[in-house]
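Student: I have a new model open and would like to go through it with you. Could we take the chains and their contact step by step?

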2 protein chains.
Amino acid sequence: MLTAARELVSEVGYAKLTIEAIAARAGVGKQTIYRWWPSKGAVVFDSILALSEGERGIELPDTGDLEADLKTVLRATAAEFADAEFEAPIRALQTEIINDPDLAAIYREKMEAPMREAKKQRLRSAQRAGQLDADADLDLVLDFLYAPLTQRWLERSRPLDDAFADALVEATLRAFRPA
Amino acid sequence: MLTAARELVSEVGYAKLTIEAIAARAGVGKQTIYRWWPSKGAVVFDSILALSEGERGIELPDTGDLEADLKTVLRATAAEFADAEFEAPIRALQTEIINDPDLAAIYREKMEAPMREAKKQRLRSAQRAGQLDADADLDLVLDFLYAPLTQRWLERSRPLDDAFADALVEATLRAFRPA
């Protein structure tokens, strides 16, 4: 069902996607979908979360070295954005999120908030270890790490490679190094 | 003609906009439009540039104080994004840029590149004045200043206020302070 949802959102976009179509593609009844998810938005966001989580759940690596861990994560994110299977459904959704405040709110609750919290947990661990300013605004830290990557991907303006991922991490850590 | 183009892109989106409709709204013939602009993309981007440039052309303030000047500019950008008349055509265009690589290329050439160059001129002046790392990657500096603002605006996730604009400037300058 998650695979069907993800394929369909890439193919027809979120607006034209129906629960019926997901059920048909997955070979199950419509009620089976509704038993697990309350809405179209919920199943679509879960389908994308499932793709990025794999079996690990949302958790960032914590080897004790913040810079190395963030580079691992940002390089992986850049690679995901370069992967057509991964990026197509997210691009379709992103477009509709921009124009649909209600969908944007579901996205924030189901997808953005849990991922943001997982990332903040890693940053808090770094604050305790003295690798990040204890007073840093963690939302701003995450914006610095992710917003340039997201914008370059959306606008296809510049390559998303390891060098760019590393530069983002290094500059962000300079901005928020411990006092 | 520029006003007509801007109004129409807000109302019907870029994909459905036609040169004929712009001409009709502006009360001119289609050939008048083609005398000045080679394509729909060209007239639309000029219409938006005209809105943000006013009579100044693209130029950033240079009082000699980089932090103050960037705060002035970022606060104004945040205010523009909060202005419905200004933001509606840009939101409509942004959506189509994300899904249309050709339109994205026109956008970069007509709109993004000249604005980026004007901003870099101000940053180079600050490098000469010793207020910014002489080796800084200026594209990355601009990403740090603008991408978080753009992303919060697109996703309507958090308020775009003076405090946020100031925090972006301060953290960016910490990341790229002179060695």
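Tutor: Gladly! This is a predicted model, so local features need pLDDT of at least 70 and side-chain atom pairs count only at pLDDT 80 or more, while totals for chains, interfaces and linings use all residues. Residues are numbered from 1 along each chain as its sequence is written, chains are lettered from A and ligands numbered from 1 in the order in which they are written, and side-chain values use heavy atoms, with hydrogens and water left out.

Student: How many helices and strands does chain A have?

Tutor: Helices (H or I, at least four residues) and strands (E, at least two) are DSSP runs, numbered from the N terminus. Along the sequence, chain A reads α-α-α-α-α-α-α-α-α. Its C-alpha atoms fill a box of roughly 55 × 35 × 30 Å along the principal axes. The count is nine helices and zero strands.

Student: Where is helix 7 of chain A kinked?

Tutor: At the start of this helix, a side-chain oxygen of A:D100 comes to within 3.0 Å of the backbone nitrogen of A:D102, and after the helix comes A:G130, with a positive phi near 75 degrees. The bend at a residue is the angle between axes fitted to the seven residues ending there and the seven starting there. In helix 7 of chain A that gives a kink of about 45 degrees, centred on A:R108.

Student: Why do the copies meet through the same surface?

Tutor: Contact means heavy atoms within 4.5 Å, and it takes 37 residues from chain A and 37 residues from chain B. The copies meet through the same surface because the share of chain A's interface residues that are also interface residues in chain B is 100%.

Student: What area is buried between chain A and chain B?

Tutor: Buried area is the accessible area (1.4 Å probe) that two parts lose on being put together, summed over both. Carbon and sulfur atoms give 53% of the area here, and the total is about 3100 Å².

Student: Which helix of chain A gives the most residues to the side that touches chain B?

Tutor: There are four salt bridges between the chains, each a side-chain nitrogen of Lys or Arg within 4 Å of a carboxyl oxygen of Asp or Glu; one joins B:D143 and A:R152 (2.6 Å, N to O). The elements giving two or more residues to this side of chain A are helix 6 (84-99), helix 7 (101-128), helix 8 (138-155) and helix 9 (162-175). With twelve residues, the one that gives the most is helix 8.

Methods
Polar contact = N/O pair within 3.5 Å; in protein donor to acceptor, adjacent residues only side chain to side chain.
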